[in-house]
Amino acid sequence: MMRIFMKCLALLLGCSLLLNGQDNENRSKFRQLKQELATPNVYHNAAGAPGQYYYQQRADYQISVELDDEKQRISGSEVITYYNNSPDELSYLWIQLDQNMRAKDSDRRKTATATLGDSISFRTFMALHNDFDGGFKIEYVRDKNNRPLQHQIVSTMMRIDPTRPLKPGQSTVIKIKWWYNINDRMKMGGRSGYEYFEEDGNYLYTIAQFFPRMAVYNAVEGWQHKQFLGRGEFALEFGDYDVKITVPADHLLAATGELQNPASVLSAKERRRLQRARTASEPVIIRSQEEAVELEKGRSTQKKTWHFRAKNVRDFAFATSRKFIWDAMGVQMGNGTVMAMSYYPKEGNPLWEQYSTKVVAHTLKTYSKYTFDYPYPVAISVHAARIGMEYPMICFNFGRPNADGTYSKRTKYRMIGVIIHEIGHNYFPMIVNSDERQWTWMDEGLNSFLQYLTEQEWEHDFPSRRGPAHKIVDYMKGDKNNIVPIMTNSESIHQFGNNAYGKPATALNILRESVMGRELFDFAFKVYSQRWMFKHPTPADFFRTMEDASGVDLDWYWRGWFYTTDHVDISLDAVSWFRVDSRNPEVEKPIARADDAAQPEYITDVRNRDLIKKTLIEQDASLQDFYNRYDPYESTILDREEYEKYLTGLDDEQRELLNSDLNYYQLDFTNHGGLVMPLILEYEYSDGTKEIERVPAEVWRYRENAISRVITSEKEIVAVTLDPFLETADVDISNNYWPPRAKPSRFKLFKQRRLEDRENPMQRLKRADERTREITGKDTENSSSGGQE
């Protein structure tokens with residue numbers, strides 16, 4: 001039907017893009033990412049896989065903590081066994097003290113910025129007057145023999161100096177005791193803390209970063225001890241956890257790992273329900289709303305200790321409250337069963353009982369399809385207002401109905417979306433363990449991309465916030481002074497949600513749908529996910545794996561989308577229609593005559609035809625000569641002989657092409673935004689049919705700013721649309737049509753209020769007095785005196 005006649009009409013001068021400027025530096029958008037990516041080595045190889053000498057450290061924890069429900073305080077002790085699997089001798093060790101972000105003298109407080117305008121939120125106002133005594137209170141740091149270890153606290157980090165350097169292959173034991181005050185999350189914000197329910201006097205605790213944790217040491221960063229300022233999240237080592245948590249006896253507790261003492265903390269009825277839930281096809285209520293409401297009324301003075309164990313996790317978190325309702329169901333995953341669970345107060349119903357656990361199960365199934373089978377025994381969703389936060393096997397999620405049980409469409413879908421997102425974080429970064437402190441996008445961006453796929457498999461037309469290309473357009477075309485590349489450190493990102501979540505999710509979706517295709521992308525993405533399970537990948541590992549496993553050169557894509565703030569704005573400037581001149585005078589001369597006759601007439605000729613009935617040449621025949629009678633469009637014998645001679649010089653294939661009667665179209669494009677992208681073109685023909693052509697981005701490889709292409713078609717093209725499915729994030733689609741397409745805008749009419757019709761202060765005060773009399777039946781001082789002395 002339609003064949004590419006010429007892929008690109010590029011001038012040789014376009015080669016100037018290869019050597020741009022006096023310094024002869026290669027600035028081609030298609031140059032390889034040699035300078036940007038770390039050099040491959042024995043730890044991270046050139047294919048994007050762990051190298052032959054790849055290593056990572058390990059930290060096992062034995063933790064005992066107690067939650068004081070009266071003082072809102074955590075106190076605890078831990079024993080860390082740290083294994084040095086590196087080839088390096090470590091003369092000091094670094095431990096993360098994330099709670100110190102809330103200390104009165106923290107860098108976060110010192111570096112906070114704000115502005116004052118006509119109005120500010122109460123949350124910002126309260127922060128200005130925050131006197132909360134946060135941060136870890138370290139009581140001791142000891143070795144395995146209980147001897148004090150020399151240590152130095154540096155804001156949110158603590159350096160420990162062992163008595164002797166830790167050699168490769170050795171392990172060491174560190175004992176720490178601490179306590180800290182739990183923050184009121186509803187007033188102060190934060191990833192963890194408590195929510196107080198004034199109507200029943202209860203607390204709901206979502207507790208994380210509650211213990212000193214080993215920092216990462218690896219071949220990329222050395223010690224990752226960049227200070228925690230509140231945005232760049234966490235870099236952590238894997239290990240086994242044995243955790244005992246003491247809380248009021250009437251609390252229900254959810255945590256990372258598997259419960260080791262159910263007989264001590266659960267009733268016989270709850271244990272039976274939990275067992276039934278393992279094989280149930282629908283969520284089973286383990287603790288009902290009625291049972292939770294009854295527990296809300298009391299305050300047990302007794303305590304219970306919950307014992308959990310978790311293998312090969314990078315962190316640990318828990319949630320506890322007497323308000324919790326609990327439901328669960330088993331999800332078949334490979335050869336095992338994963339328990340999908342939800343914990344929520346009555347304030348979360350009816351939404352949470354209807355949706356939460358089923359969303360958890362759906363997320364596990366969908367993410368596993370694109371990555372790997374979920375390897376942990378449980379996946380828990382906990383309801384907590386105004387938060388979405390993830391930890392191994394457990395996450396805290398917002399989405400609360402109104403007090404009367406009604407809810408908006410936005411509340412429902414945002415709740416489903418955040419549960420998908422936070423459960424999905426079990427894959428990235430809890431298992432594919434990227435460095436969040438350095439690169440937020442490596443977990444948030446990849447996870448938001450999979451969230452989008454999972455939402456669309458939950459429901460057609462799910463109102464996904466991120467993923468579709470057209471939803472990132474407003475950000476991409478925004479003020480470049482307020483936009484930074486995706487490859488920016490987590491603590492320095494402007495417009496955090498758009499940069500670290502939305503743009504990378506969109507970039508991956510475009511890569512899947514419009515650059516690589518689903519089959520190639522899905523294969524490569526699964527390779528990346530599986531080769532970096534329980535390991536520490538870098539951005540280079542992701543970029544290289546996606547190319548290595550797909551066979552597609554994507555350096556141009558990574559550079560444009562991840563290393564620059566360029567945007568997509570490609571215009572279809574012109575479409576020129578051509579037909580081949582057959583050289584046959586019997587064909588071409590009548591066409592030329594018709595074309596000449598179809599030309600518009602000049603205004604003077606039109607008017608003279610009516611005013612001048614006969615010209616002089618028409619009145620006097622003696623003035624006429626050959627040229628007055630000559631018809632240039634008449635075919636002569638010489639024309640025909642020349643045509644026959646021309647034909648004898650052509651072979652059969654050339655004659656066939658000459659007589660094919662094809663249409664030729666030159667399409668001119670300009671790249672205004674800087675990002676080179678594939679050209680997705682829709683051709684509409686005169687017979688009403690349409691056809692899609694997809695041109696790879698390499699069409700721009702010789703000239704990055706403007707190109708032309710020539711196509712052939714047996715049928716006449718009547719319209720061309722660039723990016724007809726809105727799949728490239730083009731910020732201006734008004735220049736994507738030929739013929740140009742005008743899009744009507746709408747305006748509203750209003751009746752202008754005259755200045756004299758507006759309420760003045762005296763009228764407003766009078767109206768206030770009248771309202772006061774309605775309520776109290778009494779005159780005010782202003783009304784009795786007419787507002788005057």
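I take buried to mean under 20% relative accessible area, exposed to mean over 50%, and partly exposed to cover what lies in between, with a 1.4 Å probe and protein chains only. By that scale I noted Asp661 as exposed, its relative accessible area being 51%.

**Ground rules.** I am working on a predicted model, in which local features need pLDDT of at least 70 and side-chain atom pairs count only at pLDDT 80 or more, while totals for chains, interfaces and linings use all residues. I number residues from 1 along each chain as its sequence is written, and the side-chain values use heavy atoms, with hydrogens and water left out.

**Overall form.** I looked up the secondary structure and found 22 helices and 31 strands in the protein, where helices (H or I, at least four residues) and strands (E, at least two) are DSSP runs numbered from the N terminus. The radius of gyration is 36 Å, well over the 28 Å that the globule rule gives for 789 residues, so the protein is more spread out than a compact globule. That radius is taken over C-alpha atoms, and the globule rule is 2.2 Å times the number of residues to the power 0.38. I also noted that the C-alpha trace spans about 130 × 90 × 60 Å along its principal axes, and that buried residues make up 49% of the 789 residues.

**Salt bridges.** I count a salt bridge where a side-chain nitrogen of Lys or Arg is within 4 Å of a carboxyl oxygen of Asp or Glu, and by this rule the count comes to 47.

I then went to Glu195 and Arg400, which form a salt bridge with their closest N and O atoms 2.6 Å apart. Glu195 lies in strand E9 (residues 193-197) and Arg400 in the loop between strand E24 (394-397) and helix H8 (409-424), so the pair ties together parts that are 205 residues apart in sequence. Glu195 is buried at 5% relative accessibility, whereas Arg400 is partly exposed at 23%.

My next pair was Arg579 and Asp661, whose side chains meet in a salt bridge at 2.1 Å, N to O. Arg579 sits in strand E25 (residues 570-579) and Asp661 in the loop between H20 and strand E26 (663-671), and the pair links these distant parts of the chain, 82 residues apart. Arg579 is partly exposed, with a relative accessible area of 44%.

I also looked up Arg694 and Glu727, which meet in a salt bridge at 2.9 Å, N to O. Arg694 lies in strand E28 (residues 690-695) and Glu727 in the loop between strand E30 (717-722) and strand E31 (737-738), so the pair ties together parts that are 33 residues apart in sequence. Arg694 is partly exposed at 45%, but Glu727 is buried at 12%. Elsewhere I noted one network, in which salt bridges that share partners join Asp200, Glu296, Lys323, Lys346 and Glu347.

**Surface patches.** For patches I used residues with over 30% relative accessible area and no salt bridge, joining like charges within 9 Å and nonpolar side chains (Val, Leu, Ile, Met, Phe, Trp, Tyr) within 5 Å. Accessible areas come from the Shrake-Rupley method with a 1.4 Å probe, and for residues only the protein chains shown count as cover.

Phe626, Tyr627 and Tyr630 form a nonpolar surface patch with about 400 Å² of accessible area together. Phe626 belongs to helix H18 (residues 626-629) and is partly exposed at 48% relative accessibility.

Asp651, Asp652, Glu653 and Glu656 gather in a surface patch of negative charge. For this I counted Lys and Arg as positive and Asp and Glu as negative, leaving out His and the chain ends, and placed each charge at NZ of Lys, CZ of Arg, CG of Asp or CD of Glu. Asp651 is in the loop between helix H19 (637-648) and helix H20 (652-658), and I recorded Asp651 as partly exposed, with a relative accessible area of 40%.
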